[in-house]
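This report describes selected parts of one protein model. Please look over the sequence and the structure below before reading on.

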Amino acid sequence: MADDTPRTLLIQGALVLTMDPALGDLESGDVLVEGRRIAQVGTALEAPAGAQRIDGRGMILIPGLIDSHTHMWQAPLKGLGAGLWGTPDYQKHVFPLREKFDAVDMHDACFAAGTEMLDNGITTVLDFCHNTMTPAHAEQSIAAHRRTGQRVLFSYGMLGGFSTLAADHPWRLAQVRELAREFGSGGGDSLVRLGMALGSLEYSGLELVKTEIELGRALGLPMTFHQNPPAQIRQLGEAGLLGGDLLPVHANLAADDELEMLAACGAGISFTVEGEFGGGRAMNIIGRAHRTGVTPSLGVDIPSRVALDLFAQMRLTFQVMRAEEALAERITGRWPLARHPGTPHAQPRHMLEYVTVNAARAVGRGDELGRIAPGLLADLVLLSTGPYSMSLGDPAAHVAFQSTPADVDTVIVDGQLRKRGGRLVDLDRADAAEATRRVRERVLGKGVQAARAAA
């Protein structure tokens, strides 16, 4: 991990997508970073002597990408879920492997995932860690996150073994309390913060989940939960448990009144579109949520199936939303497609909002992340536009539809350079690959080749 020495950086001449309504886009802009925060955004900025200068000409500067839902422990299982067909396949072939992971495996897996995510421009992630099978699992995951230097909301998983849910609940609650004391006021240090990944209602039941929510609120922790079966948002709302500190994931079957409940308390939903769409789920939820005022954000979800790539998620999300809108038009007899007020709703820039502004709110940092503006934390990504020139039109569309992880030139987290000129700083791709190899060897053993064949 990079050291904590304060530094001054000046990024010059980039096309700056601030994602801040007051600042807009700067065709040739400068961003001055002092220490951990953005000091100035403008043109022809001056920097003090000794400041490090980064030439951004011909590049696009965006806020660091934020993933609002990923199970990072699954990164070494990449490809194992490639051919999954529905939830039963996942529960048979991928999810049970968590019981074979020990604490050392969790460290290696989270380190490998965090390194690759930083390399791909993902500066912040909500790690939905539903593999805290022992206290040491949580401790080693947190240690790995601190090692990578990625910004992480470590969402402590309350779901243990299905046969021991009630028996394990007390020690999980106790460890969350202890970790909250260790992390201190505000939930953690500048990079790794503590949250809670609630037990699923369909497995844990309302009473256990209610206890978890009450503890999370008493400790001031952001909370998130899988929302798969219908009517669970309504169930939580009727129990008086919904709030802006509670982030549902998926929610593909949410009814309109449930979306209104979420909008009323300022909540969002994290959508993991590749897994949801590929798993045959209903996808009109994203557009319905957005129109209702429930802010969508995006996550990779399961690295065992989906690449750690938010650019791909932006592209797919746009196409899915446009396909759903086109279907609604056909059903109502409006064909061939023609524009009319409010349709199409999904726009390319929305996709970049989903992984910056909205995702910052989803991880509880909407006042400090997701935009490029003075006073905010300096999490930034500089993108090359490649040898074949910039797209025409909205530059946000270039980011959403043309950019890939290969275009990530520079990554800054908390004012520290983590990648420069296409090369990681203080992290080594080979170390991440070796960590993945160790996990596979320990968890799958001689079954690695068989697992590849089965996938």
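## Ala180 in helix α4

Ala180 belongs to helix α4, which spans residues 165–183. Helices (H or I, at least four residues) and strands (E, at least two) are DSSP runs, numbered from the N terminus. This is a predicted model, in which local features need pLDDT of at least 70, side-chain atom pairs count only at pLDDT 80 or more, and totals for chains, interfaces and linings use all residues. Residues are numbered from 1 along each chain as its sequence is written, and side-chain values use heavy atoms, with hydrogens and water left out.

Ala180 counts as buried because its relative accessibility is 13%; buried means under 20% relative accessible area, exposed over 50%, and partly exposed in between (1.4 Å probe, protein chains only). Not counting residues up to four places away in sequence, Ala180 touches Leu194 and Leu219, where contact means heavy atoms within 4.5 Å. Ala180 and Leu219 are 39 residues apart along the chain, and their C-alpha atoms are separated by 7.0 Å.

Ala432 is part of helix α14, residues 429–443. Its relative accessibility is 9%, so Ala432 counts as buried. Leaving aside neighbours within four places in sequence, Ala432 is in contact with Phe111, Ala112 and Thr115.

Two packed helices are described by the angle between their axes and the distance between the axes. The axes of α2 (residues 103–119) and α14 come within 8 Å and cross at roughly 145 degrees. Axes are lines fitted to C-alpha atoms, for helices over the stretch in contact, and angles run from 0 to 180 degrees between N-to-C directions. By class, the contact of α2 with α14 has 8 nonpolar, 2 polar and 7 charged residues. Ala, Val, Leu, Ile, Met, Phe, Trp, Tyr, Cys and Pro count as nonpolar, Asp, Glu, Lys and Arg as charged, and the others, Gly among them, as polar.

## Cavities

The structure holds 3 cavities of 30 Å³ or more. A cavity is a set of points, on a 1 Å grid over the protein atoms alone, where a 1.4 Å probe fits but cannot get out; lining residues have an atom within 4 Å of a point. The largest cavity has about 50 Å³ of space.

Its lining consists of Thr124, Arg151, Val152, Leu153, Arg193, Val363 and Arg365. Strand β8 (residues 151–157) gives the largest share of this lining, 3 residues. By class, the lining has 3 nonpolar, 1 polar and 3 charged residues.

Methods
1 Å grid on protein atoms, 1.4 Å probe; cavity = no way out; pocket = protein on both sides within 12 Å on 5 of 7 lines; lining within 4 Å. Points joined across faces, edges and corners; volume = space filled by probe spheres on them.
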